[in-house]
Every structure is written in structure tokens, then in C-alpha cells.
Amino acid sequence: MAAAQAGDAAAYRRLLTEILPFVRALIIRQVGRADEDAAQEALLSLHLVRHTYDPARPFKPWLAAIVRHRLLDELRRIKRRSAKETTVDDFDVTSNRLVTNSDQEAVDEVQALRHALDQLPEAQRQAIVLLKLQDKSLAEAALEMGTNIGALKVSVHRALKRLKGLMGGE
């Protein structure tokens, strides 16, 4: 490692090759299974902090600490992610309804939306039509309506809230 710190690329390659089995063994001991991604992450961490190694101190405990901290970081990340995610394996893939929407239901929904749009103030209706139905950008819609982007966003927000109420939403 001291030679690698001094800039010897061949020594660094040799070091990485020789420590990989040790890193893998540490991971198996800590996690209970082989994890090549964790081994690669540990080597990447070693690469990023190699300048902090003190050649006067033993190398393996320093390396083991890097691997242990990397694994702890990964476990924290997994825990944070799992706290925010919902497993969908238990959900049905398709609807449990025996019939699909009929063409008449689709027509009825479109008519209900048109009726709700007609009840909006003109500026709100125009904002929804331009942004949501014609798929224009905020800048394009603001220019066409003769307003600024901030006012357009407020108008769209209010329109969507009102449409939700008119369409029987919350």
C-alpha cells in the first residue's frame, strides 16, 4: 500500500488483486453470504480513501474497518429505502373486476370531464387545455395566455383542485 501511495500503479494493481479474497471473506463473515457488489464497493471506498492510510500502522485492520463501514452504509441505505417502499408482490396484477370498462363508460367519463371543464373560469379552463390536453410547455402556454409562468401555475393548481371536486374526488 505504501508503494501504491507513492504512485506505483503496478503495486496498486497487485494490492487490489491480492486483497480481494480477504475483502470477500470479510463480507461473507459480516453478511453471511458472498456479495460481489459489496466487494467492489469496498474496493472503490479503499481507492477513495487510500491517501489516509498510515504505513506505520497495520494494513489489514485499516482495510477491515473500511469494509465494515461500507457494509454498514449499505445496510442503512437498504433500511431507509425499505421504510419508504411498498412491496407489490402481494398485489394482484390485474383488476379483480370480471368485466372491463365499456365504451359507454369511456364516453360518459369524457362527457363528465367536458362538463366539469365548462364550469371552470375561462383562465383556468384555458390553462388546463393548453398544458394538460395540448401538452404545451409552461413557457408556451404562458405566452399564449399573456401571463407569467407563476400565475399560470397557480391557475392550473386551482383548476385541478376544482376539477377534482367537480368530478367527485376528495
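This report walks through the cores, a surface patch, a loop residue and the salt bridges of the structure above.

The model is predicted, so local features are described only where pLDDT is at least 70 and side-chain atom pairs only at pLDDT 80 or more, while totals for chains, interfaces and linings use all residues. Residues are numbered from 1 along each chain as its sequence is written, and side-chain values use heavy atoms, with hydrogens and water left out.

**The inside**

Let's begin with the nonpolar cores. A nonpolar core is a set of buried Ala, Val, Leu, Ile, Met, Phe, Trp, Tyr and Cys residues joined through side-chain atoms within 4.5 Å. Buried means under 20% relative accessible area, exposed means over 50%, and partly exposed lies in between (1.4 Å probe, protein chains only). The largest nonpolar core has 22 residues, and Met1, Val23, Phe59 and Val67 have the most contacts inside it. At least two residues of this core come from each of helix H2 (9–31), H3 and helix H4 (59–84). Helices here are DSSP runs (H or I, at least four residues), numbered from the N terminus. A second, separate core has 13 residues, including Ala116, Leu120, Ala127 and Ala142.

Which residues does Met1 touch, leaving aside its neighbours within four places in sequence? Met1 is in contact with Leu15, Leu46, Arg50, Tyr53, Phe59 and Trp62. Contact means heavy atoms within 4.5 Å.

Ser155 sits in helix H8 (residues 149–166). Is Ser155 buried or exposed? With 12% relative accessibility, Ser155 counts as buried. Not counting residues up to four places away in sequence, Ser155 touches Ala123, Gln124 and Ala127.

**The surface**

Leu44, Leu48 and Val49 form a nonpolar patch on the surface, and together they have about 250 Å² of accessible area. Patches are made of residues with over 30% relative accessible area and no salt bridge; like charges are joined within 9 Å, and nonpolar side chains (Val, Leu, Ile, Met, Phe, Trp, Tyr) within 5 Å. Accessible areas come from the Shrake-Rupley method with a 1.4 Å probe, and for residues only the protein chains shown count as cover. Val49 belongs to helix H3 (residues 36–49) and is partly exposed, with a relative accessible area of 31%.

Now for a loop residue. Asp135 lies in the loop between helix H6 (122–133) and helix H7 (138–145). Most residues other than glycine have a negative phi. Asp135 has a positive phi of about 55 degrees although it is not a glycine. Asp135 is also exposed, with a relative accessible area of 67%.

**Salt bridges**

How many salt bridges does the structure hold? There are eight. A salt bridge is a side-chain nitrogen of Lys or Arg within 4 Å of a carboxyl oxygen of Asp or Glu. Here are some of them:

| Salt bridge | N to O distance |
|---|---|
| Asp73 and Arg76 | 2.9 Å |
| Glu74 and Arg77 | 2.3 Å |
| Arg125 and Glu122 | 2.5 Å |

Arg125 and Glu122 both lie in helix H6, three residues apart, about one turn of the helix. Glu122 is partly exposed at 48% relative accessibility. Through salt bridges that share partners, Glu41, Arg70, Asp73 and Arg76 are joined into one network.

Why are Asp73 and Arg76 separated by about one helical turn? It is because they are three residues apart in helix H4. Glu74 and Arg77 are likewise three residues apart in helix H4, so about one helical turn separates them. Asp73 is partly exposed at 35% relative accessible area, and Arg76 is partly exposed at 45%.
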